[in-house]
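I opened my notebook to look up a few places in this model. My entries follow.

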Amino acid sequence: MLNPIEMKLFCNILVITAIGFSIGGKDKKPRFIEKIIDDQAPAHLWMKTTGDINGDGKTDILVGGRNEGGIVAYLAPDWKKQTINDSLKISTSAEVCDLDNNKIQDVVAVVNKAIIWLSGPDWRVHLIDSVVSHDVEVYDFDQDGLMDVIARNQGAFGGIGGHVLNFYNQNPLGVWTKYQKEIVDGEGLKMGDINKDHKQDIVANGYWFENTGSMAVWKEHKFTDTWTWPNTYIDVADMNNDGLPDILHSPSELAGTYYRISWFEAPENSSSIWKEHIVADSVETIVHSIGAADFNSDGKKDIIVAEMQQGADPDEVTIFYNEGRDTWHKQVISTGGSHSMCIFDLDRDGDMDAFRANFAEHTVKMWVNEKKH
């Protein structure tokens with residue numbers, strides 16, 4: 001029999017345990033508040049990206065219009081609008097970086113039938129290559145102190161070039177040597193240090209390409225025998241906290257067909273076949289956004305995806321909360337959809353948010369994570 005003091009302590013333990021269970025359980029979901037950043041953005045917002053465009057240490061938002069309006073930036077923290085270029089027709093991908101080593105941020109962008117870079121602060125336009133592309137990545141791949149560029153087109157919608165990786169080696173400054181590698185046709189491009197050798201590698205649909213230190217030589221590795229969908233959106237993240245980078249795939253094209261959302265578990269030997277973990281099956285193949293982040297601060301990476309507007313309604317933006325053991329708890333945070341959604345801490349409060357725009361819209365919105373405490 002417990003005395004009154006022991007009973008009070010026991011009850012307090014029960015209360016603390018119950019609170020801890022509620023916080024750690026699947027009911028512990030953040031609330032996301034949708035806010036409009038700009039309802040007069042460039043027309044047809046194909047491009048969305050982030051970067052510290054003005055060098056003040058804060059992450060800014062950049063969007064580009066395919067039909068008109070060029071590229072605009074929204075400067076953190078109050079999202080003041082700044083025009084970078086008002087005439088270019090921007091395609092689906094861009095990156096912020098210091099391309100010319102002058103300590104000022106530049107923008108590399110895919111535009112209509114070309115890859116260009118705009119040099120800050122006056123945003124002069126420089127041509128990298130006259131080629132149609134869908135995705136672009138920028139990094140000093142050969143570690144010579146100069147930023148390089150990798151691009152790929154898409155195979156869907158009659159695209160030409162989804163079967164080729166284009167490598168642009170910058171050396172000397174502003175001069176580009178082009179290399180090409182034939183790959184399986186499709187869509188999707190992402191970089192990450194897959195084999196943990198401190199060099200960024202490249203991931204395409206079902207394959208990763210090992211950075212040998214030479215832009216001319218890339219070692220091909222097939223990491224899955226089970227994923228066959230050619231058009232993918234890709235992210236790289238450690239999903240099971242084992243210290244190894246895993247790969248995420250979502251089916252990004254086309255409307256009216258169905259596939260799945262999966263992540264692939266990196267083995268110790270990254271050159272072997274990786275185990276596929278299915279997150280959601282039978283989803284319409286319009287999931288042109290996938291990213292991993294710990295949205296509820298429980299120490300595990302969650303997955304956020306978004307459906308584009310050309311599919312069946314509703315166009316869900318969904319977080320799959322990682323509960324371990326291949327168990328996921330689904331939270332739909334919007335039915336407005338998105339194309340190429342970006343994830344980062346918009347309000348600098350320590351938790352992950354997102355900003356979005358569908359490709360036929362001219363409104364930029366953000367979802368602010370008001371995490372329960």
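**Strand pair**

I began with β22 and strand β23 (residues 302–306): they run antiparallel and four bridges join them. Strands here are DSSP runs of E, at least two residues long, numbered from the N terminus; two strands pair if DSSP finds at least two bridges between them. The model is predicted, so I noted that local features need pLDDT of at least 70 and side-chain atom pairs pLDDT 80 or more, while totals for chains, interfaces and linings use all residues. Residues are numbered from 1 along each chain as its sequence is written, and side-chain values use heavy atoms, without hydrogens and water.

I checked who faces whom. Alanine 292 stands opposite isoleucine 303 in β23. From β22 (residues 290–293), Ile290 and Ala292 point one way, and Gly291 and Ala293 the other way. All four are buried, meaning under 20% relative accessible area with a 1.4 Å probe, protein chains only.

**Cores**

Which residues touch the most other members of the largest nonpolar core? I found Ile53, Leu62, Ile71, Ile84, Val107 and Leu118, out of 18 residues. Such a core is a set of buried Ala, Val, Leu, Ile, Met, Phe, Trp, Tyr and Cys residues joined through side-chain atoms within 4.5 Å. A second, separate core has 17 residues, including Ile37 and Leu346.

**Lysine 365**

I found lysine 365 in strand β28 (residues 364–370). Its side chain makes a polar contact of 3.4 Å with that of glutamate 34. A polar contact is a pair of N or O atoms within 3.5 Å; within protein, one must be able to donate a hydrogen and the other to accept it.

Methods. Buried means under 20% relative accessible area, exposed over 50%, partly exposed in between (1.4 Å probe, protein chains only).
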